[in-house]
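Here is a walk through one protein structure, taken part by part. Keep the sequence and the model in view while reading.

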Amino acid sequence: PPTKPMSSQQARNRFSVARGYGDSNDDDSTAYSSVASSVASSVSAIDLILDKFEKRRGFKFFQAAISIWAIVAVAKNLGVGKHVYLDPADEVEKEAHGLRLSHETGDRPRVALVRPFARSDADKLLKSFELWDSARPCGNYKTEWNLEDYTVYGDRYAEDERPIVDLVISFSGKSGDIEGYDTLSTIQELFDARNGWGGCFSEFVSFEAGINPEDDIYDHQPIQTNPHWVNGPNEQFRKNYRFIKNKGYASMIMMESDVQPQVDGWLDLALSEVKRNQPFAVLGSKYSGNSWDNFREEIPTALLDHINGNAIYNTTHPLLEKMVNELEKEKNTIFNAIPFDYRMSQMWTEGSKGIPSDFPFKSMIDPATGNPVVLD
């Protein structure tokens, strides 16, 4: 069954949300208690005043009304309940905080690190951020990290050329979903408490793909028979791409909830790979394990060569735009039964090598014909 995401309080206990990033003596540790005490003291003061009125005139109704007003007013001024920006269609200017990078980017490109999640893997996404304290996204490399190895991976950016990176959390559902909202709010609290993970990220952005619950499906059990088994991730990818492209980001780094960094500076490493390999449409990795060794010659070329969906997508490249256009045209066809990363590999393989694609699910029935799927 789907795992219920952690509440904000549970996440605070796990991540020490109120503690500033790398600052053991930071006064921010009292942030949450100060909000509560401010509200309490304000209400107590008003309560004391009104108690005198009550003794004189019996103003119990007004005492209750003004106490409620005080709680709301103080909470509003302290920013309580303002953690999540839920409407990406509206432009909201946000002030940079502390070491976080500013909006003044000049000619520096903007990159979106996109972390998609559905209700079923919200808890997994929250847990994945635990490693971001020990394997930091940028800078402050561990002493055992070999900088010679670092240069092998790619070219380092000069500080004034480094792309501005925003953290984009993409929820597959709609903004009215309480569990989705709670997860987004908790992650922003982490983001703010860690100062954008040590200044590596400029802004926190949340996005709702708006997929209906009955269509937000990712179920491996009926993979051979249900043409909608991977509809959720496919639709979320298409909508993520359009959102990122329309916002003017140059690249989208896809990092799903089960992806866990292993070394300090992993974001810098990814950016250095972008610099070294430009221009490209999709930059990522093929499967390099040994699970296919006994039947590798039977596997289609498009599957062998396909790049895992956790990759870097160049939103300015015309080839990627054409492939996503094709995915959008196919969303109501039998081709949507193929995961988006494998389907893009089929397009590339057929276009560049002339190798026609086979439909991978031999037992699946085409709803349009009532017969097994046959690709023309």
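In this predicted model, Pro279 sits in the loop that runs between α9 and β5 (282-283). The peptide bond leading from Gln278 into Pro279 is cis, with omega near -5°. Most residues other than glycine have a negative phi, and most peptide bonds are trans.

Asn195 is buried, at a relative accessible area of 16%. Trp197 is also found in α7, and its phi is positive as well, about 50°. With 2% relative accessibility, Trp197 counts as buried.

Helix α8 covers residues 231-246, which makes 16 residues. From its first C-alpha to its last it reaches 23 Å, close to the 22 Å expected at 1.5 Å a residue. Twelve of the 16 residues are buried, so α8 is mostly covered. Among the buried ones are Asn231, Glu235, Arg238, Tyr241 and Phe243. Just after α8, Gly248 takes a positive phi of about 90°.

The largest nonpolar core has 32 residues, of which Leu113, Trp132, Leu167, Ile169 and Phe201 touch the most other members. Elements that each supply at least two residues of this core include β1 (110-117), β2 (164-171) and α6 (178-193). Helix α9 gives the most, with five residues. Leu113 touches Trp132, Leu167 and Phe201, and its contacts also include Val165, Ile253 and Met255. Apart from this core lies another, of 24 residues, among them Ile211, Tyr241, Met323 and Val324.

Conventions: Residues numbered from 1 in each chain as written. Predicted model: local features only at pLDDT ≥ 70, side-chain atom pairs only at ≥ 80, totals over all residues. Heavy atoms only, no water. Core = buried A, V, L, I, M, F, W, Y, C linked by side-chain atoms within 4.5 Å. Buried < 20%, exposed > 50% of the residue type's maximum accessible area, 1.4 Å probe, protein only. Helix = DSSP H or I, 4+ residues; strand = E, 2+ residues; numbered from the N terminus. Contact = heavy atoms within 4.5 Å. Expected span 1.5 Å × (residues − 1). Lists of a residue's contacts leave out its neighbours within four places in sequence.
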